[in-house]
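Please examine the sequence and the three-dimensional structure shown here before reading on.

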Amino acid sequence: MSQLNRYEFVGSFLRPERLKEARKNYELNNITKEELTKVEDECIVELVNKLKELGYHTITDGEFRRSTWHLDFMWGFNGVEHKKTIDGNQTFDGEAAMIDDTFMTGKISCKDHPFVEHFKFVKALEDENTVAKQTIPSPGQFYAFFTGADLLDKTLGFYGSEEAFADDVVKAYNEFVQEIYNAGCRQLQFDDCVWGGMVNPELAVSLTGRKGEELEKYKQLLLDLNNKVVANAPEDLIINTHVCRGNYHSTYFSSGAYDGVADLLFGEENVDAYFLEYDDHRSGGFAPLKKVSGDKKVVLGLITTKKPDLEDKELVKRRIYEATKYIPLERLYLSPQCGFASCEIGNKLIEEQQWAKLKLVKEIAEEVWGD
């Protein structure tokens with residue numbers, strides 16, 4: 001059982017207070033790694049049980065063992081290190097993100113990635129009605145992080161050329177994909193903020209340090225990296241992607257419709273489904289969905305995780321039917337627009353409101369599709 005269900009979620013969940021407290025105590029050397037892991041395990045089991053009780057068929061660990069949606073994954077690679085940030089390394093709608101500074105110390109490789117053991121724990125909680133999903137930053141996201149305007153020179157210091165680094169990214173991701181597949185993973189999700197930045201032309205230039213033809217070549221390269229990893233993956237591994245414009249503490253870093261990236265992203269990326277942010281005006285309209293090629297699926301992120309207020313059910317239904325002007329209803333699905341806690345700090349709502357949002361997603365999906 002690894003196909004999409006009509007109601008889905010992106011991946012991360014609000015960290016319970018006792019988990020936050022345990023991590024804080026671990027960092028202060030007040031508890032051991034084993035004691036922290038015990039709290040993580042207990043909180044993940046509770047999360048999975050709640051998802052099952054609510055009737056969801058996908059389960060994750062809520063990213064409870066991570067501080068951020070993407071950097072912890074990068075830290076699992078040989079050649080990548082990190083340290084506490086002093087003043088925040090990226091601004092989200094005016095708020096500095098206090099997440100670790102992450103940098104390369106040598107050429108990268110991936111063997112015995114810690115996320116594989118994390119996945120095995122969730123895999124053991126599967127039953128006949130559920131499948132465990134693993135979320136990771138996309139290969140293009142990894143590549144873009146270390147070849148953007150701020151870090152390119154350091155990367156080239158180790159690799160000499162961007163092509164050599166790109167080859168190692170694909171090789172390392174292939175190693176990870178095979179490891180997690182061997183651990184039983186059959187549903188993998190690429191989380192990808194790169195395209196969420198590319199929808200804003202000015203931001204695309206400032207983030208990448210490229211413009212004009214060089215920027216277009218860079219976009220093509222990012223797409224090719226994702227597709228190479230997909231092509232090398234086992235045939236029965238479902239790979240979906242989630243596109244985001246930022247989700248730190250209910251803020252964002254980018255705005256813009258999908259039109260400017262639709263030909264590449266929707267037309268040429270060889271994933272099974274797109275989880276797309278569509279919770280407010282920053283995402284534009286549904287017209288770019290006509291570029292979604294083949295029989296690929298689209299999960300409409302119409303329920304926001306950034307605010308506690310519950311959406312109007314009828315309005316959400318109308319928006320789903322509006323999207324059918326561009327893509328058939330049978331290829332559409334519903335979810336929140338992003339996770340509830342892309343970073344450990346979480347978004348500005350409480351757990352009770354988080355579960356009310358997921359309940360609403362399921363109710364709407366059952367009323368629209370009846371399955």
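The model is predicted, so its local features need pLDDT of at least 70 and side-chain atom pairs count only at pLDDT 80 or more, whereas totals for chains, interfaces and linings use all residues. Residues are numbered from 1 along each chain as its sequence is written, and side-chain values use heavy atoms, with hydrogens and water left out.

The protein chain contains 13 helices and 12 strands; helices (H or I, at least four residues) and strands (E, at least two) are DSSP runs, numbered from the N terminus. Its C-alpha trace spans about 55 × 55 × 45 Å along the principal axes. For 371 residues, a compact globule would have a radius of gyration near 21 Å, and the value of 19 Å for the protein chain agrees with this. The radius is taken over C-alpha atoms, and the globule rule is 2.2 Å times the number of residues to the power 0.38.

Of the 371 residues, 58% count as buried. Buried means under 20% relative accessible area, exposed over 50%, and partly exposed in between (1.4 Å probe, protein chains only). The protein chain exposes about 15,300 Å², of which carbon and sulfur atoms supply 49%; these areas come from the Shrake-Rupley method with a 1.4 Å probe, and for residues only the protein chains shown count as cover. Among contacts between residues at least 6 apart in sequence, 79% join residues at least 24 apart, where contact means heavy atoms within 4.5 Å.

Six strands form an open sheet in the order 7-8-9-10-11-12, with parallel pairing; two strands pair if DSSP finds at least two bridges between them. Strand 7 (134-137) and strand 12 are the edge strands, each pairing on one side only. Neighbouring strands of this sheet are turned by 25 degrees against each other on average, direction ignored. For such angles, axes are lines fitted to C-alpha atoms, for helices over the stretch in contact, and angles run from 0 to 180 degrees between N-to-C directions.

The pairing can be followed strand by strand. Strand 9 (residues 238-243) pairs with strand 10 in the parallel sense over three bridges, and valine 243 stands opposite leucine 276 in strand 10. Helix 13 (residues 351-369) packs on the sheet, where it touches strand 11 and strand 12, and its direction makes about 165 degrees with that of strand 12. Strand 10 (residues 273-277) is joined to strand 11 by five bridges, and the two run parallel; here alanine 273 stands opposite lysine 297 in strand 11. Strand 11 also pairs in the parallel sense with strand 12 (residues 332-336), over five bridges, and the bridge partner of glycine 301 is serine 335 in strand 12.

Which elements are enclosed? Seven of the seven residues of strand 11 (residues 297-303) are buried, so this strand is largely enclosed by the rest of the structure. Strand 12 is mostly covered, as five of its five residues are buried. In helix 5 (residues 139-147), eight of the nine residues are buried, so the helix is likewise largely enclosed by the rest of the structure; among them are Phe142, Tyr143 and Phe146.

Several loop residues complete the picture. Asparagine 29 lies in the loop between helix 1 (17-27) and helix 2 (33-54). Its phi is near 65 degrees, a positive value in a residue other than glycine, and at 69% relative accessibility asparagine 29 counts as exposed. Glutamate 63, in the loop between strand 1 (58-59) and helix 3 (71-75), also has a positive phi near 65 degrees, but at 3% relative accessibility glutamate 63 counts as buried. Lysine 325 is found in the loop between helix 12 and strand 12 and, at 62% relative accessibility, counts as exposed. Lysine 325 and leucine 360 are 35 residues apart in sequence and 24 Å apart in space, C-alpha to C-alpha.
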